[in-house]
Amino acid sequence: WYPSCRTSAPTTTQTSSCPSSPPSRRRRRRERYAGKLGDEDDGLVDTAYRVIADHIRTLSFAIADGALPSNEGRGYVLRRILRRAVRYGRQKLGAGEGFFAALVPTVSAELGATFPELRERQAHVQAVIAEEEQAFSSMLQRGIKEFNTRAAVIKKDGGVQMDGSSA
C-alpha cells in the first residue's frame, strides 16, 4: 500500500521497506497508487500517497524518540508535517477522520523489527497523532464554517470577493 514500496524506485520516498497491505481506513474514493510523478500525476493522488507514507514514518520515529507536536521549534515542524499529511489525505484521497493515526500500527509492524522503539512506543505514538489529528480537524471545521458564513454575507450583499479585513 505505501507508495514507497518499490525497489529500484525513482524517488527518495520509494524504498523496499513497506507494508504488505493497506491498513483498514474509511475512504470516499478508490484511487489507487499508480507511481505517477510530476505532470502525469493529475489530481495529485500519487503525490498524496507519497506524502502520507513519508510523513507517517517521520512522525512515528520523531514521536517515538520523544519529540511532540507543539507551537515551537521542532514541535512546530512536526505539527506542520502532520497537518500537511492529513490535508492531503482528506482533500486528495477522500480519507476520513482518524485515517492518519490508524497508519501507526502498520509502520510499527513493518519497521518495528529493525527499530524496536516503534513497537515499544506504538500506543504513545498513535495517541499523540490521534490527538493532533482531532485538534486539526476541529480547527479546520471551525475555519470552514466561519469562511462559509462570511462568504454567504458577501454573496447576499451582491459581492463577489472577500476583502482583506474579512479574510
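The buried residues of helix α5 (buried meaning under 20% relative accessible area, with a 1.4 Å probe and protein chains only) pack against α1, α2 and α3 (104–111), where contact means heavy atoms within 4.5 Å. The model is predicted, so that local features need pLDDT of at least 70 and side-chain atom pairs count only at pLDDT 80 or more, whereas totals for chains, interfaces and linings use all residues. Residues are numbered from 1 along each chain as its sequence is written, and side-chain values use heavy atoms, with hydrogens and water left out. Helices are DSSP runs (H or I, at least four residues) numbered from the N terminus.

In α5, the buried residues are Val125, Val128, Ile129, Glu132, Glu133, Phe136, Ser137 and Ile154. This helix spans residues 122–156, 35 residues in total, and its first and last C-alpha atoms lie 50 Å apart, close to the expected 51 Å; the expected span is 1.5 Å times one less than the number of residues. Gly158, with a positive phi near 85°, follows α5.

Helices α2 and α5 pack at an angle of about 65°, and their axes are 10 Å apart. Axes are lines fitted to C-alpha atoms, for helices over the stretch in contact, and angles run from 0 to 180 degrees between N-to-C directions. The two helices α2 and α5 are therefore roughly perpendicular, a term that covers 65 to 115 degrees. On the α2 side, Arg79, Leu82, Arg83, Val86, Arg87 and Arg90 meet Ile129, Glu132, Glu133, Phe136, Ser137, Met139 and Leu140 of α5. This contact of α2 with α5 comprises six nonpolar, one polar and six charged residues. Here Ala, Val, Leu, Ile, Met, Phe, Trp, Tyr, Cys and Pro count as nonpolar, Asp, Glu, Lys and Arg as charged, and the others, Gly among them, as polar.

Helix α1 (residues 45–64) packs with α2 (residues 73–93) at an angle of about 150°, with the axes 9 Å apart. The pair α1 and α2 is therefore roughly antiparallel, as angles over 145 degrees are classed. Among the α1 residues that meet α2 are Val45, Tyr49, Ile52 and Leu59, and the α2 residues in this contact include Leu78, Ile81, Ala85 and Tyr88. By class, the contact of α1 with α2 contains 13 nonpolar, four polar and two charged residues.

The loop between α1 and α2 contains Asp65. Asp65 has 58% relative accessibility and therefore counts as exposed, the class for values over 50%. The C-alpha atoms of Asp65 and Glu117 are separated by 7.8 Å, although the two residues are 52 residues apart along the chain.

Note on methods
Parallel < 35°, antiparallel > 145°, perpendicular 65-115°, else oblique.
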